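User: I'd like to go through the labels on this model and hear what backs each one up. Let's take them one at a time.

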Amino acid sequence: MSAQAEIFASDRSRAAVDLYVFHHAGGSRHSFAAWQSKFPAEVALHRVQLPGRTAETCNVLPKWAGALVPGLVRNFLASRAGSRRPFVFYGHSLGALIAFELTRFLRLIGEEMPAGLVVASRRAPHCELSHGELFSLPDDELVAALHRLGGVPAHMRGKEDWLRQVLPVIRADLQLSDIYRYAGQPPLDCPMLAVKGSDDPIMSLRELIEWSAHTTGSFTCGELPGAHFFDAEGTRRLETILVGTLARWADFEPAGMSARPTSFPEERTCSTRTGI
C-alpha cells in the first residue's frame with residue numbers, strides 16, 4: 001500500500017492564490033471541509049491528506065516525518081503543473097511540521113517557494129518535546145489527553161467506542177510528531193505567521209515565538225481563543241486573519257469584502273526574534 005500523501009485539489013481555476021492545508025494528528029482532508037466555503041473566490045483550497053487514515057492502514061506511515069516528504073513533493077509538484085499562481089502553506093500541529101519540512105525540501109531541490117508559511121499549534125522545530133510523549137500513553141490516558149486538547153469534536157463527545165477505533169491512527173501520527181528530531185538548515189526567507197490557542201496545555205508562547213528563528217522574512221505570531229484546537233471564536237478570528245494575510249502575501253483584494261485585519265487586535269501578540 002502506498003505511503004504517499006494525497007492532495008485533494010480545489011476547482012477554483014480563477015483564484016489568486018493556492019492555499020495548501022495540512023491536517024493535525026488523527027485528522028484528514030475532512031478536517032478542513034468547512035473552509036471550502038469560508039474563503040473568498042480568490043482563495044483555492046487544496047487539502048493535503050497523510051496516508052494511513054484507518055486503523056487497518058495506519059502502519060504504512062513511516063516513523064519519521066522526513067520520509068513522507070519526497071512522495072509529497074512529487075504529488076505537490078504534479079498539482080502545480082502549469083500553474084503560475086502564488087501558493088501558501090498552512091499546517092496545524094503535526095501539519096505545521098509537515099508543511100515546514102516540505103518547504104525546506106522545495107528549497108533544497110530548487111523549486112518555487114511558498115509566498116508564506118502559516119503554522120498553528122506546534123512548537124518550533126528545534127524545541128525539544130517538553131510535555132512528554134503522547135503516542136505512548138495507555139488508551140485511557142490518551143483519550144483523556146485528547147479531551148484536554150480540545151481534539152474531540154462536540155458531536156462525538158461521549159462516544160468513546162468511536163474514539164478508540166481511531167486511536168491507532170492518532171497514535172501513528174503522534175509518533176511522527178513526538179519523536180521528530182530537527183536537522184539544522186539555514187532559515188527560510190518567506191514570511192511566516194505562527195498562532196496557538198491561549199489555553200493550549202502542551203506548548204508555551206515562548207515555543208511559538210521560537211518559530212521566528214526559522215525565517216529571515218517577516219514574522220508575526222499571536223494567541224487565539226481555545227486550547228490546542230481553537231474554539232469557535234478562535235477559528236472565526238483565524239479565518240479572518242488568514243484572509244488578510246493571504247491578500248497581503250499574494251497581493252490581491254478579496255472581491256466584495258472590506259479590508260481584513262492581519263494582526264491580533266484583541267489577542268496577545270509577539271514580534272520578538274530569537275536565534276537558535
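User: Why does Glu-223 count as buried?

Analyst: Its relative accessibility is 5%, and buried means under 20% relative accessible area (over 50% is exposed, in between is partly exposed; 1.4 Å probe, protein chains only). So 5% puts Glu-223 in the buried class. Bear in mind that this is a predicted model, where local features need pLDDT of at least 70 and side-chain atom pairs count only at pLDDT 80 or more, while totals for chains, interfaces and linings use all residues. Numbering starts from 1 along each chain as its sequence is written, and side-chain values use heavy atoms, with hydrogens and water left out.

User: What makes Glu-223 and Lys-196 a salt bridge?

Analyst: The rule asks for a side-chain nitrogen of Lys or Arg within 4 Å of a carboxyl oxygen of Asp or Glu. Here the closest N and O atoms are 2.9 Å apart, so the pair passes. Glu-223 sits in strand β7 (residues 219-224) and Lys-196 in strand β6 (residues 192-197), so the bridge ties together parts that are 27 residues apart in sequence. Lys-196 is buried too, at 2% relative accessibility. Strands and helices here are DSSP runs (E, at least two residues, for strands; H or I, at least four, for helices), numbered from the N terminus.

User: How many salt bridges does the structure hold?

Analyst: Seven. One of them pairs Arg-85 with Asp-18, whose closest N and O atoms are 2.6 Å apart.

User: What about Glu-233 and Arg-237: where do they sit, and why are they about one helical turn apart?

Analyst: They are four residues apart in helix α6 (residues 232-250), hence the turn. An α-helix has 3.6 residues a turn, so residues three or four places apart point the same way. The closest N and O atoms of Glu-233 and Arg-237 are 2.7 Å apart, and they form a salt bridge. Glu-233 has 29% relative accessibility and so counts as partly exposed, whereas Arg-237, at 18%, is buried. Elsewhere, bridges with shared partners join Asp-18, Arg-80, Arg-85 and Glu-112 into one network.

User: How do you know that the span of α1 is close to the expected one?

Analyst: The expected span is 1.5 Å times one less than the number of residues. α1 has 12 residues, and both the expected value and the reach from first C-alpha to last come out at 16 Å. After α1 comes Gly-82, with a positive phi near 80°. Buried residues of α1 include Val-69, Leu-72 and Phe-76, and their cover includes β1 (6-8), β2, β3 (43-49), β4 and α2.

User: And Ser-93: why is it called buried?

Analyst: Its relative accessible area is 12%, so it falls in the buried class. Ser-93 lies in the loop between β4 and α2. Contact means heavy atoms within 4.5 Å, and beyond its neighbours within four places in sequence, Ser-93 touches His-24, Ala-120, Ser-121, Arg-122 and His-228.
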